[in-house]
Amino acid sequence: MSAPIKVGLIGLGEVAQLMHLPLLADDPRFSIAAISDVSPSLLEHVGNRYGVAVRHLDANSLLANSTLDAIFILTPDHLHAELLEQAIRTGKHVFIEKPACLTAAQLEPILSVPRRPGQVVFVGYMRRFSRAFLALKQRLPPLETIRHVRIRDIIREAPFFVAQTRNVFKPNDVSPDLIAEGRARTQAMLRSVMGEDCLPDALRAYQVLTGLSSHSFSAMRDLLGPPKGVRHATQHNGETVIALFDYGHFTALYEAVIDDVSRFDAGIEVLTQTQHFRMNYDTPYIRNLPTRLEITTSSDTETGTEIIGPIYEDPFRIELNAFRDSMVNGTPNKTSLEDSLEDLKLFAEVGRHFRA
């Protein structure tokens with residue numbers, strides 16, 4: 001058996017504690033060799049919980065650790081661009097949670113940063129690794145037969161679900177000045193796309209695109225290819241977003257609503273003249289909730305529905321397998337930086353409709 005892949009994690013917040021740390025700890029093919037966070041108490045808590053002796057308050061110290069094989073960047077989004085470029089320059093493999101950056105202008109110069117042969121830079125779009133999504137992609141009818149596509153994210157945000165299911169350590173020793181600086185940097189990055197005079201609700205809507213909607217935009221492109229453009233988009237109060245994507249002979253409708261109704265209604269539907277494909281995603285914050293794909297087919301005389309699932313395998317685990325497969329076996333990486341750039345371009349195009 002080959003030696004475990006030694007990974008270092010930068011950022012130990014909610015997504016790291018709920019998803020990446022448990023998965024890495026459960027997988028003998030990986031070893032959590034080093035961790036980094038700006039919170040001393042969080043660093044101590046995670047280090048003790050997972051038996052990690054090498055702990056860094058400064059991310060640069062972890063990046064300089066020559067014993068590591070791969071870096072996981074799990075920090076707030078405004079830190080992604082800087083850390084991503086530095087991580088690539090170390091020559092280590094890189095896993096970065098989506099979005100790779102908040103703007104295309106940040107990501108484009110990083111694409112030209114030299115990489116060593118075989119170096120993998122992988123963006124975490126876990127929905128594209130769901131078994132139900134992969135089944136839909138495999139069974140998708142020819143594009144010319146599609147009449148309509150509906151993609152939705154109608155959800156309540158994570159805290160409601162997390163509070164009832166998992167203990168997340170929330171530190172109170174991060175400097176308020178550092179938190180305020182992060183918020184200011186985030187706003188500046190968003191305004192670099194949306195304009196200095198952009199109203200707060202439109203700015204919030206763009207931020208929803210970079211977070212929640214990035215999963216769906218990426219999955220849409222994976223399934224259908226890139227759209228010809230954005231026919232129309234609108235937002236209401238920052239947390240309701242509607243977009244119409246032009247695919248020529250059909251339109252893909254995207255809906256996002258963030259509210260306080262306790263459900264997670266996310267998925268993709270594809271309609272042809274005689275078939276209806278429907279797949280669901282449940283909240284990722286409760287692990288191993290099932291997904292399924294339903295295919296209803298009608299003829300002139302009868303109708304039947306095929307159900308694939310329920311499928312309980314965690315998409316984050318499938319995603320981790322794909323990252324390892326790219327590192328070890330050179331399997332092509334479908335969630336590359338180049339792929340992620342296409343989402344950032346779509347966000348900007350949708351955002352222009354918000355301003356109009």
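**Figure 1. Asn288 in the loop between E12 and E13 of the predicted model.** With a relative accessibility of 39%, Asn288 counts as partly exposed. This residue is placed in the loop between E12 and E13 of a model that is predicted. The phi angle of Asn288 is near 70 degrees, a positive value in a residue other than glycine. Asn237 is exposed, at a relative accessible area of 69%.

**Figure 2. The eight-stranded mixed sheet.** An open sheet is formed by 8 strands, arranged in the order E8-E9-E10-E7-E11-E12-E13-E14, with mixed pairing. E8 runs antiparallel to strand E9 (residues 240–246), and 7 bridges join the two. Within this pair, Gly229 has Asp246 of E9 as its bridge partner. Helix H6 (residues 131–139) lies across strand E11 (264–272), strand E12 (275–281), strand E13 (291–298) and E14, and runs at about 30 degrees to E13.

Figure 3. Thr291 lies in strand E13 and counts as buried, at 8% relative accessibility. Neighbours within four places in sequence being set aside, Thr291 is in contact with Ser130, Ala132, Asn280, Tyr281, Ile308, Gly309, Pro310 and Ile311. Among these contacts are Gly309 and Pro310, and the peptide bond from Gly309 to Pro310 is cis, with omega near 5 degrees. Pro310 is found in strand E14.

Figure 4. Thr251 is placed in strand E10 (residues 251–259). A relative accessible area of 16% makes Thr251 a buried residue. With neighbours within four places in sequence left aside, the contacts of Thr251 are His148, Val149, Arg231, Leu244 and Phe245. Thr145 stands 106 residues apart from Thr251 along the chain, and the C-alpha atoms of the two are separated by 13 Å.

**Figure 5. The six-stranded parallel sheet.** Another open sheet comprises 6 strands in the order E3-E2-E1-E4-E5-E6, and its pairing is parallel. Its edges are strand E3 (55–56) and strand E6 (121–124), each with a single partner strand, so one side of each is left without a neighbour in the sheet. Strand E1 (residues 5–10) pairs with strand E4 (residues 70–73) in the parallel sense over 4 bridges; the bridge partner of Ile10 in E4 is Ile73. E5 and E6 likewise pair in the parallel sense, over 4 bridges, and Phe95 has Phe122 of E6 as its bridge partner.

**Figure 6. Packing of helices H1 and H2.** Two packed helices are described by the angle between their axes and the distance between the axes. The axes of helix H1 (residues 14–26) and helix H2 (residues 40–50) cross at roughly 30 degrees and come within 11 Å. The crossing of H1 past H2 is right-handed. H1 contributes Gln17, Leu21, Pro22 and Ala25 to the contact, and H2 contributes Leu42, Val46 and Tyr50. By class, this contact has 6 nonpolar, 1 polar and no charged residues. H1 also lies across E1, strand E2 (30–36), E4 and strand E5 (93–97), running at about 145 degrees to E2.

Figure 7. The peptide bond from Lys98 to Pro99 is cis, with omega near -10 degrees. Pro99 lies in the loop between E5 and helix H5 (104–110). Cys101 is buried, at a relative accessible area of 1%. Cys198 is buried as well, at a relative accessible area of 5%. The structure holds 0 disulfides.

How values were computed
Residues are numbered from 1 along each chain as its sequence is written. This is a predicted model: local features need pLDDT of at least 70, side-chain atom pairs count only at pLDDT 80 or more; totals for chains, interfaces and linings use all residues. Side-chain values use heavy atoms; hydrogens and water are left out. Two strands pair if DSSP finds at least two bridges between them. Contact means heavy atoms within 4.5 Å. Axes are lines fitted to C-alpha atoms, for helices over the stretch in contact, and angles run from 0 to 180 degrees between N-to-C directions. A crossing is left-handed if the near helix is turned anticlockwise from the far one by less than a right angle, and right-handed if clockwise. Ala, Val, Leu, Ile, Met, Phe, Trp, Tyr, Cys and Pro count as nonpolar, Asp, Glu, Lys and Arg as charged, and the others, Gly among them, as polar. A disulfide is a pair of cysteine sulfur atoms within 2.5 Å. Buried means under 20% relative accessible area, exposed over 50%, partly exposed in between (1.4 Å probe, protein chains only).
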